[in-house]
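Colleague: I have not looked at this one before. Please walk me through it.

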Amino acid sequence: MGLFDKKQVVQKFKSFHQYVTKNNGQIGQKQRGIDLNLNNACNLTCEHCFTNSPKGEHIKEVLPMDVVRRIADEAHELGIFEFDLQGGELTLRPKLLYKVLEVIDTSRFYMYLTTNGAKLDQKMAQNLKDLGVDRVSVSIDSMNPLDHDKFRGKKGSWKKAIDALDYVKAVGIDPFLNITVGHYNAFSEDVEDMCKYSFEKGYTTLINVATPMGMWHSMSEIMCDEKDTARIIELRKKYKNILRNLWNPFDKHFEGVLGCNTVNRLYITPLGDVLPCPYVHIKIGNVFESSLKEISDYGFSIKYFNEHRGLCLAGEDKDFAGKFLSKPGQTIFKPAQPEDIFSEAEYVYASEYAPKKIRKVIAIEQIN
């Protein structure tokens with residue numbers, strides 16, 4: 001089944017396009033995706049890992065399949081059309097990976113897997129295609145194999161990642177080459193070499209900006225500044241196959257900005273905690289306690305996630321990151337609690353799903 005055979009996905013994507021068009025090219029409160037960290041175990045020790053998998057944090061927990069099914073059902077009802085399975089590294093446990101794809105019912109989503117590619121061979125690529133996976137994103141850190149392998153902590157990881165992209169393309173899955181760009185490499189020849197390679201191979205390049213979280217906790221010096229962001233936009237216009245979730249994919253001039261996708265793309269940990277995105281380690285709910293609708297409503301009640309933001313809060317807004325993402329010990333498994341870091345003035349409205357102490361202190365006039 002190809003993407004355009006997924007009629008429900010096509011309808012939801014049309015709805016998203018219509019909303020963005022009417023909303024002046026901005027994402028507003030139109031939700032688009034789920035990023036699900038099903039299990040945090042990994043076979044590599046990447047220097048920039050935002051989940052702290054190299055430290056062995058919560059590598060045994062796996063979300064129960066009945067909870068995953070409910071998440072998928074609720075996401076579908078909300079009109080969410082993208083579903084990304086992440087880790088850790090899910091290809092380490094193929095049976096679990098295949099089972100969760102069956103549980104999700106991939107006919108309802110543009111379904112993708114984010115992987116380091118180390119275990120993804122031709123057989124697995126075909127299995128993923130048969131199970132309705134539309135895209136596989138493989139992370140590449142350099143076109144120099146030695147540099148990539150050093151960054152990933154394992155010899156031979158570059159070759160396996162490069163091969164994985166070929167395998168998924170061969171079976172008809174969209175190959176995405178994922179690149180992390182920060183102040184340390186934005187102007188490097190290596191970044192452009194990766195973009196050029198992706199373009200020549202017929203892949204899509206997905207750029208994630210470096211964030212001071214996880215293994216790079218509080219390292220604000222790796223964040224993109226204005227010149228770095230401008231450089232990324234230059235590459236966007238030059239190659240035209242480069243995406244960021246922040247950008248408007250419908251803009252033919254390759255300049256439009258949807259806005260920061262916090263709450264529009266919910267990130268769910270193996271413990272069931274829900275964060276506004278993978279890199280904003282602030283808890284807005286838990287799937288064992290609340291529905292996605294309730295969690296989303298509360299998330300959008302916080303002004304930073306409600307109002308349009310032209311920069312990535314975690315990777316480009318140093319003021320936000322310094323104030324709210326640099327608490328000692330703050331991780332995806334120990335996220336900050338909104339009521340502990342935001343004042344009543346930083347809420348747009350009093351969500352009925354907010355903690356009681358928050359509802360009590362928000363002024364009545366803010367509700368309207």
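Predicted model: local features only at pLDDT ≥ 70, side-chain atom pairs only at ≥ 80, totals over all residues.

Modeller: One term before we start: helices (H or I, at least four residues) and strands (E, at least two) are DSSP runs, and they are numbered from the N terminus.

Colleague: What is the peptide bond from G87 to G88 like, cis or trans?

Modeller: The bond from G87 to G88 is cis, and its omega is near 15°.

Colleague: Take β2 and β3. Do they run parallel or antiparallel, and how many bridges join them?

Modeller: They run parallel, and four bridges join them. As an example, F83 has M111 in β3 as its bridge partner.

Colleague: Changing topic. How many salt bridges does the structure hold?

Modeller: The structure holds 18 salt bridges. One of them is between D35 and R265, where the closest N and O atoms are 2.8 Å apart.

Colleague: Is D35 buried or exposed, and what about R265?

Modeller: D35 has 4% relative accessibility and counts as buried. R265 is buried as well, with a relative accessible area of 3%.

Colleague: What about the salt bridge between R108 and D73?

Modeller: The side chains of R108 and D73 meet at 2.8 Å, N to O. R108 sits in the loop between α3 and β3 (110-115) and D73 in helix α2 (residues 65-77), so the pair links distant parts of the chain, 35 residues apart. R108 is buried, with a relative accessible area of 8%, while D73 is partly exposed, with a relative accessible area of 34%.

Colleague: Where do D163 and K159 lie?

Modeller: D163 and K159 lie in helix α6 (residues 157-170), four residues apart, which means about one helical turn separates them. Their side chains meet in a salt bridge of 2.7 Å, N to O. K159 counts as partly exposed, at 47% relative accessibility.

Colleague: How does the pocket lining divide by class?

Modeller: The pocket lining has 16 nonpolar, four polar and nine charged residues.

Colleague: How many cavities of 30 Å³ or more are there?

Modeller: There is one cavity of 30 Å³ or more. About 920 Å³ of space lies in the largest cavity.

Colleague: What lines the largest cavity?

Modeller: It is lined by 46 residues, with F50, Q86, N178, N208 and Y279 nearest its centre. Two or more lining residues come from each of β2, β3, β4 (135-139), β5 and β6. β6 gives the most to the cavity lining, with four residues. By class, the cavity lining has 20 nonpolar, 18 polar and eight charged residues.

Colleague: Last topic, the backbone. What is the phi of K240, and of V263?

Modeller: K240 has a positive phi of about 65° although it is not a glycine. V263, which is not a glycine, has a positive phi of about 75°. K240 lies in the loop between α8 (226-239) and β7, and V263 lies in the loop between β7 and β8 (265-268).

Colleague: Is V263 buried or exposed?

Modeller: V263 counts as buried, at 0% relative accessibility. K240 is partly exposed, with a relative accessible area of 48%.

Terms used
Residues numbered from 1 in each chain as written. Heavy atoms only, no water. Nonpolar A, V, L, I, M, F, W, Y, C, P; charged D, E, K, R; others polar. Buried < 20%, exposed > 50% of the residue type's maximum accessible area, 1.4 Å probe, protein only. Salt bridge = Lys/Arg side-chain N within 4 Å of Asp/Glu carboxyl O. Pairing = 2+ DSSP bridges. 1 Å grid on protein atoms, 1.4 Å probe; cavity = no way out; pocket = protein on both sides within 12 Å on 5 of 7 lines; lining within 4 Å. Points joined across faces, edges and corners; volume = space filled by probe spheres on them.
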